Amino acid sequence: MNMELLRQIDEEVSEGGYGVLCTVTEELGSTPRSRGASMWVRPDGSISGTIGGGLVEYEAIQQALELLASGEPNTTWRKNLTEKEGMACGGAATVYMEVLGREDDLVIFGAGHVGKAVAELGAFCGFRVIVWDEREEFANLQKIPRAKTIACPIEEIYENGIKLHERSYVVIMTRGHSLDSEVVTITDKQPGAYYGMIGSRSKIATVRKQLLEQGVSEEHLDRIHKPIGLPLKAETPEEIAVSVLAELIAVRHGANLAALRDAR
């Protein structure tokens with residue numbers, strides 16, 4: 001498989017892009033490309049790489065776009081390359097198609113007890129989880145094995161792998177109010193499907209007042225769900241994680257959060 005193509009796919013997916021990786025997995029007789037040939041198909045139909053060009057490639061692109069529209073994660077497509085099918089090769093090719101990058105990202109700022117619990121439950125619920133903490137002893141794969149972990153100073157997060165996009169669900173729960181405020185500041189004007197911050201209403205009101213005075217946009221502060229999570233009377237880190245994920249899932253599926261919060 002083309003390593004340069006894989007690097008390109010990884011870069012696009014990390015920035016919020018998605019598409020279908022099409023790979024020739026079987027060849028019988030004469031075919032345009034051999035087993036392992038790959039092509040990346042984006043939602044607009046543009047491609048990188050090739051599985052042979054011509055009718056095979058055109059039809060593969062259409063199949064990939066149908067796969068994206070179906071919501072299914074993968075499929076296998078077989079093409080007979082005969083004159084009856086408009087091809088003179090005489091062989092047959094099997095192409096495995098896999099959707100990559102359509103997962104929602106759960107970006108957790110803070111790798112303490114609650115952050116770790118949210119990461120574990122988030123991965124279980126199908127999110128692609130990224131956890132940041134400035135403390136490497138907290139943000140590491142040994143502590144949080146089901147997430148990508150990033151440990152660096154807060155001002156270096158974007159250089160170290162944090163890429164926020166329209167399907168990013170951002171959860172702010174660091175070790176203290178001051179660091180929470182820095183996260184809110186550094187994510188101002190960044191895209192995202194959801195922003196939420198842990199804490200009491202009094203803490204959040206104080207943070208909001210300070211950040212407005214420091215020039216953080218009111219639009220950004222208004223979009224942050226605070227306090228985070230549905231009102232389940234949660235106490236333990238695991239219970240809080242359930243309340244947070246319940247809220248994220250509700251947002252993901254377009255539920256009425258106000259109605260859920262007011263439910264008795």
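A residue is called buried when its relative accessible area is under 20%, exposed when over 50%, and partly exposed in between. The structure in these views is a predicted model.

**View 1. A salt bridge joins Arg7 and Glu4 in helix α1.** The closest N and O atoms of the pair are 3.1 Å apart. Helix α1 covers residues 3–14, and the two partners are three residues apart in this helix, about one turn. Glu4 has a relative accessible area of 47% and is therefore partly exposed.

**View 2. A salt bridge joins Lys116 and Glu120 in helix α3.** The N to O distance between the two side chains is 2.7 Å. Lys116 and Glu120 are separated by about one helical turn because they are four residues apart in helix α3 (residues 113–124). Lys116, with a relative accessible area of 28%, is partly exposed. Glu120 is also partly exposed, with a value of 34%.

**View 3. Arg252 and Asp104 form a salt bridge between distant parts of the chain.** Their side chains meet at 2.8 Å, N to O. Arg252 belongs to helix α7 (residues 237–252), while Asp104 lies in the loop between β5 (92–100) and β6 (105–109); the two residues are 148 residues apart. Arg252 is partly exposed, with a relative accessible area of 27%. Asp104 has a relative accessibility of 12%, so Asp104 counts as buried.

**View 4. Glu103, Asp105 and Arg128 belong to one network of salt bridges.** The network links these three residues. The structure as a whole holds 16 salt bridges, counting every pair that qualifies.

**View 5. Four glutamates form a negative surface patch.** The members of the patch are Glu155, Glu156, Glu159 and Glu182. Glu182 is located in helix α4, which covers residues 177–186. With a relative accessibility of 36%, Glu182 falls in the partly exposed class. A residue needs over 30% relative accessible area and no salt bridge to be part of a patch.

Definitions and conventions
Residues are numbered from 1 along each chain as its sequence is written. This is a predicted model: local features need pLDDT of at least 70, side-chain atom pairs count only at pLDDT 80 or more; totals for chains, interfaces and linings use all residues. Side-chain values use heavy atoms; hydrogens and water are left out. Patches are made of residues with over 30% relative accessible area and no salt bridge: like charges are joined within 9 Å, nonpolar side chains (Val, Leu, Ile, Met, Phe, Trp, Tyr) within 5 Å. Accessible areas come from the Shrake-Rupley method with a 1.4 Å probe; for residues, only the protein chains shown count as cover. Lys and Arg count as positive and Asp and Glu as negative; His and the chain ends are not counted. The place of a charge is taken as NZ of Lys, CZ of Arg, CG of Asp or CD of Glu. Buried means under 20% relative accessible area, exposed over 50%, partly exposed in between (1.4 Å probe, protein chains only).
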